[in-house]
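Please prepare a report on the structure shown below.

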Amino acid sequence: LKGGVIFPFGKIGVQKVQRVTSVESLGKSVRKARKSLKLTQAQLAFAAGVGSRFIVDLEAGKSTLSLEPALRVVDALGGALQLTDMPDENEPKNAT
């Protein structure tokens with residue numbers, strides 16, 4: 001993310017793909033990554049520029065959270081959001 005807070009503890013060294021299909025699975029992935037980096041919720045919140053309550057709610061899978069702060073949290077953990085298998089505007093359209 002441009003203009004994001006630089007994560008002071010470094011990036012995760014191994015690239016790993018996790019399928020996220022719900023807010024709950026995103027929360028579980030965030031929690032797992034945070035714990036593997038041995039960070040508290042407060043430390044992650046500071047690194048991502050969000051409040052500690054946001055981290056609590058994100059890890060709990062609260063469905064009303066905003067996407068922009070969630071992306072900052074993922075970025076602070078060294079991750080990225082990647083969309084796959086979505087139609088591209090340059091792909092030929094099916095004739096109907």
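The report below treats these topics in turn.

## Basis of the model

The model is predicted: local features need pLDDT of at least 70, side-chain atom pairs count only at pLDDT 80 or more, and totals for chains, interfaces and linings use all residues. Residues are numbered from 1 along each chain as its sequence is written, and side-chain values use heavy atoms, with hydrogens and water left out.

## Overall architecture

The chain contains 4 helices and 0 strands, arranged along the sequence as α-α-α-α. Helices (H or I, at least four residues) and strands (E, at least two) are DSSP runs, numbered from the N terminus.

Of the 96 residues, 27% count as buried. Here buried denotes under 20% relative accessible area, exposed over 50%, and partly exposed the range in between (1.4 Å probe, protein chains only). Among contacts between residues at least 6 apart in sequence, 57% join residues at least 24 apart; a contact requires heavy atoms within 4.5 Å.

## Packing of helix α4

Helix α4 spans residues 67-76. Its buried residues are Pro69, Ala70, Val73, Val74, Asp75 and Ala76, and the buried residues of α4 pack against α1, α2 (41-48) and α3. Just after α4, Gly78 adopts a positive phi of about 90 degrees.

The axes of α3 and α4 lie 11 Å apart, and the two helices pack at an angle of about 90 degrees. The helices α3 and α4 are therefore roughly perpendicular to each other. On the α3 side the contact is made by Phe54, Ile55 and Leu58, and on the α4 side by Pro69, Ala70 and Val73. Axes are lines fitted to C-alpha atoms, for helices over the stretch in contact, and angles run from 0 to 180 degrees between N-to-C directions. Angles under 35 degrees count as roughly parallel, over 145 as roughly antiparallel, 65 to 115 as roughly perpendicular and the rest as oblique.

## Salt bridges

The whole structure holds 4 salt bridges, each defined as a side-chain nitrogen of Lys or Arg within 4 Å of a carboxyl oxygen of Asp or Glu. In one of them, the side chains of Arg31 and Glu59 meet at 3.1 Å, N to O. This pair links distant parts of the chain, with Arg31 in helix α1 (residues 23-36) and Glu59 in helix α3 (residues 52-59), 28 residues apart. Arg31 counts as partly exposed because its relative accessibility is 36%, whereas Glu59, at 10%, counts as buried. Arg31, Arg34 and Glu59 are linked in a network of salt bridges.

Asp57 takes part in a salt bridge with Arg53 (2.9 Å, N to O) and in another with Lys62 (3.8 Å, N to O). Arg53 and Asp57 both lie in helix α3, 4 residues apart, about one turn of the helix. Asp57 is buried, with a relative accessible area of 12%, while Arg53 is exposed at 57% and Lys62 is partly exposed at 40%.

## Surface

The chain exposes about 7300 Å², of which carbon and sulfur atoms supply 55%. Accessible areas come from the Shrake-Rupley method with a 1.4 Å probe; for residues, only the protein chains shown count as cover.

Leu81, Leu83 and Met86 form a nonpolar surface patch with about 350 Å² of accessible area together. Leu81, in the segment after α4, is exposed, with a relative accessible area of 58%. Patches are made of residues with over 30% relative accessible area and no salt bridge: like charges are joined within 9 Å, nonpolar side chains (Val, Leu, Ile, Met, Phe, Trp, Tyr) within 5 Å.
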